[in-house]
Amino acid sequence: MPGVLAKKLALTKERLYGLIGLAIVLALVPVFLGFNFYYVLLATNVMLAASLVAAWNIIGGYAGQLDLAASAYMALGAVVTGHLLASYGLTPWIGMFLGAGLAVTVAVLVGYPTFRFGIKEVWYALLTSALVVILMRIYYLIYGSFETYIPHMEPEWLYLSFRRYEVYYYLLAAMVVIIIWINLKIKSSKLGYYLAAIREDELAAEALGIDVRRYKLYALMIYAALAGIIGGIYITLTGILSYRLFDPWLGIVTAVMGIVGGLGSIEGAVLAAVILRSLEEYLRGAIGATYPGSHLLVYGLILIIVGVLKPEGLASLIRYVKNKLFYRKREEVK
Amino acid sequence: MMAIDPSLLLQNIVNGVFTGLLYSLVALGLALIFGVMDIINFAHGDFVMVGAYLTFVLATTFMIDPSLTAFITMPIFFVFGIVIYKLIIERVLGAEPLIQIAVTVGLLMVLRNLALMIFHAEPKGVPFTMFTQPITLGPITIASSRLVAGIVSLVALGLVHMLLTRTKWGIAMRATADDREVAELMGINVKRVYAVTFGLGTSLTALAAALIMTFSRADPYLGLLYGLLSWVIVAMGGLGGVIGVLASGLIIGIIEALGITIVGAGARELFIYLTFFFILWFRPRGLFGKR
Amino acid sequence: MPQPILRVEDVVKRFGGIIAVNHMSMEVYKNEILGLIGPNGAGKTTLFNCITGVYKPEEGRIIFQNEDITGLPPHVIIQKGIARTWQKVRPFKKLTVLEAVTVGALLRIPDVDEARETAKEILEFIGIDKSRWNRLGSEITLIEHKLVDLARALATRPKLILLDEVAAGLRPHEMDELAKVLLKVREEYKLTLIVVEHVMRFVMGLSERIVVMHEGKKIAEGRPEEVANNPRVVEAYLGTKPL
Ligand SMILES: Nc1ncnc2c1ncn2[C@@H]1O[C@H](COP(=O)(O)OP(=O)(O)OP(=O)(O)O)[C@@H](O)[C@H]1O
Ligand SMILES: [Mg+2]
């Protein structure tokens, strides 16, 4: 039975069990936290980072494009969902998909010429970082420094307007599981093989028949859509619409977590997001009040150390542990 | 759009020229480091930020003009650059771009948050400077601090240009930039050239920071603006040497001024980054560059 | 002679001042093995790059199966049936050998599992040991990579394959093995081959016909023994290194 299900979901049994295990653990986290208001909020923040990094992994990890605009796509989803909700009372359940639609549209408008002109590496990173600033400035020109608050609305489920954080936690945790599933599915599909080839060597990939621009654009679109939906959920949590949603820094941090996780490894990326974001919250609580910024400083140090000593990232650590746990013959072919 | 007052436009363009000169100086160090060493430094803007705080501390402690602190901060930054090079950069030479970006983003986080811890978020300005008088020339008025910043930047660019073209070190740097292996065969100690280049590139940010502090304030988030800005200029200037950097800086300064005149101060960054997009899209190799 | 599968007509490719390919013309016939030789810098690789769409020639046309393919991008050209290997290897470092070949197979077989099976068949056919199939591109030797490159290209089911110095670095007995594999591959897949190679014993033994390039131009063509005795060819090579 699980075998059939695994086939349906196009995952190996091992991966399916892993995903179910993860879902159970995530479901239990609020219980372990005793449904403490503050801790659940922190856990929700961790899920937010984890889902965003998981979405980023598709463009950054699989396609190998150093995209720094995760926050832009997320913010587009957020502002569309938020403004439609605040001004027209449109349910975020629809709004988030419209937001994702705008995110994908912007991704295509920017991505098409960018890939067409072969912009890569640093230049791609800088361009996407600049995109966040551009969108922020455009939003600023329209709405100014003005913050729009989304009021509490009933029925709660329709407007995603809850007074407790648990529901948001579960929504974002569900996003984490779904996006990991999407990642795994991509990885074992033709798209996944093609993205990996593009990441490794674009010219060799193209000479094997891969339309490099097209496949990069696919990856970008999926990532932008997912980030847009995450943004739609996020805005119902914070309820504050502001130009600050377009945060270049968040875009960089998302990529950083993906890199620390080891490129192309979805397990590593999510684990890195969970560890770094939890560590950040912990340090913020422990020393952040006395020394503002110290938690991010530690973050930076970790990044330097990982980059200098272990450029393979957390993924290599995971692989090592896995090999220790389930030792299998390497030569054997699946 | 409303009609634009021509004298205001002229005024803003003149401001843009002087700002652009300063921008060129800010970007020059990055252009050197990227051109000679092929190192992607995302922390460049944060060197400027650290320089700004160092200027603030020295100026307020010894009660000297912020611009004069450059005589102290530049040598300090030269050494600082070499230390950073030895500790971090040398280990990621020739590594994948992603790794270089990750490591320098880490460095940026350390520097920025160190500044935040020590100085907190409120900007810190130096309350005194000799350049307070505005200078009026016909219809144009310019703050003397801006004028001085522009002129000093131009002189610094000229000196670096001479260094690159006339001296043994400069020629070694250019040879290394051209082809590392050939340079090595010619007997150039490439590692040493790298260390010096990184030191020089870093010390130039200290000069820029000192000039910035005559009219602006230090804050921990300064790095993002100057970092992106420098990369924009390098993208435009390609590796066309000092001249390319100068031309690109001026263009950016003027575009910024036009944006402010036409749309308003809110559009300042918008125009710069939109330009960046188009430059990258249509001239991936830089307007004045070769690569 | 059967009809030509590929016609190169008056192709010119410049790099700044250098004319890498200078009004080059040649024909390749269906199912033959054509040796393309010439001293270093003759323009052989550049010609391959023009045929496969990596470069767009400034002048001239390239006709494949009666269709003008000049200037089409590489991913379209391979669709038409021209595959190539690289002189300077371009491995997929973080993909296993099997995955790399699967990428090639996916061109004609959209289903991943089926493509994987085809990839295995090809690896077996080429004679890459099973124990190496799960090695990463970064873990295999240069020589092994040349074979993987060949397998990757074959997996796309080409009609014409351009081999750029596949035998370089092989020991003599390995070269004989490779020659056998190539002949077998031609039979099995009904292939046409263009083989660029500096090792004369290898090309001369393998090819039915030879085209000699020098300074971007064709200076001779014919059966191997004719070409070897052609004074212009000898002269071209004497300028660089002996035949
Ligand atoms: N991308 C390029 N840019 C500039 N010049 C090039 C480029 N590629 C090739 N050339 C030049 O074109 C000429 C032909 O080179 P090509 O690599 O085609 O020769 P080849 O016959 O393959 O030589 P070899 O046997 O050494 O591989 C050479 O002079 C080479 O330097
Ligand atoms: Mg060649």
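This is a predicted model: local features need pLDDT of at least 70, side-chain atom pairs count only at pLDDT 80 or more; totals for chains, interfaces and linings use all residues.
**Strand β3 of chain C**

- Strand β3 of chain C covers residues 33-37, and because 5 of its 5 residues are buried, the strand is largely enclosed by the rest of the structure.
- In a regular strand the side chains alternate between the two faces of the sheet.
- Both faces of β3(C) are covered, with C:I33, C:G35 and C:I37 buried on one side, and C:L34 and C:L36 buried on the other.
- With strand β8 of chain C, which spans residues 192-196, β3(C) pairs in the parallel sense over 4 bridges, and within that pairing C:I33 has C:L193 as its bridge partner.

**C:N49 in helix α1 of chain C**

- Helix α1 of chain C, made up of residues 44-51, contains C:N49.
- The relative accessible area of C:N49 is 8%, and because buried means under 20%, this residue counts as buried.
- When residues up to four places away in sequence are left out, C:N49 touches C:V54, C:Y55, C:R84 and C:W86.

**The interface of chain A and chain C**

- On the chain A side 25 residues are in contact with 32 residues of chain C, and the area buried between these two chains is about 2500 Å², of which carbon and sulfur atoms give 60%.
- The rule finds 1 salt bridge across this interface, in which the side chains of A:D201 and C:R90 meet at 2.9 Å, N to O.
- There are also 7 residue pairs in polar contact between chain A and chain C, counted where both residues are at pLDDT 80 or more.
- Two helices of chain A, α9 (190-200) and α10 (202-207), each supply at least two residues of the side that touches chain C, and α9(A) gives the most, with 7 residues.
- Divided by class, the side of chain A that touches chain C has 11 nonpolar, 3 polar and 11 charged residues.

**The interface of chain B and chain A**

- Here 41 residues of chain B are in contact with 42 residues of chain A, and the two chains bury about 3800 Å² between them, with 87% of that area on carbon and sulfur atoms.
- Between chain B and chain A the count of salt bridges is 0, while the rule finds 1 residue pair in polar contact, with both residues at pLDDT 80 or more.
- The elements that give two or more residues to the side of chain B that touches chain A are α4 (97-119), α9 (222-237) and α11 (268-282) of chain B, and among these α4(B) gives the most, with 17 residues.
- The residues on the side of chain B that touches chain A divide into 34 nonpolar, 4 polar and 3 charged.

How values were computed:
Residues are numbered from 1 along each chain as its sequence is written. Chains are lettered from A and ligands numbered from 1 in the order in which they are written. Side-chain values use heavy atoms; hydrogens and water are left out. Contact means heavy atoms within 4.5 Å. Buried area is the accessible area (1.4 Å probe) that two parts lose on being put together, summed over both. A salt bridge is a side-chain nitrogen of Lys or Arg within 4 Å of a carboxyl oxygen of Asp or Glu. A polar contact is a pair of N or O atoms within 3.5 Å; within protein, one must be able to donate a hydrogen and the other to accept it, and residues adjacent in sequence count only if both atoms are side-chain atoms. Ala, Val, Leu, Ile, Met, Phe, Trp, Tyr, Cys and Pro count as nonpolar, Asp, Glu, Lys and Arg as charged, and the others, Gly among them, as polar. Buried means under 20% relative accessible area, exposed over 50%, partly exposed in between (1.4 Å probe, protein chains only). Two strands pair if DSSP finds at least two bridges between them.
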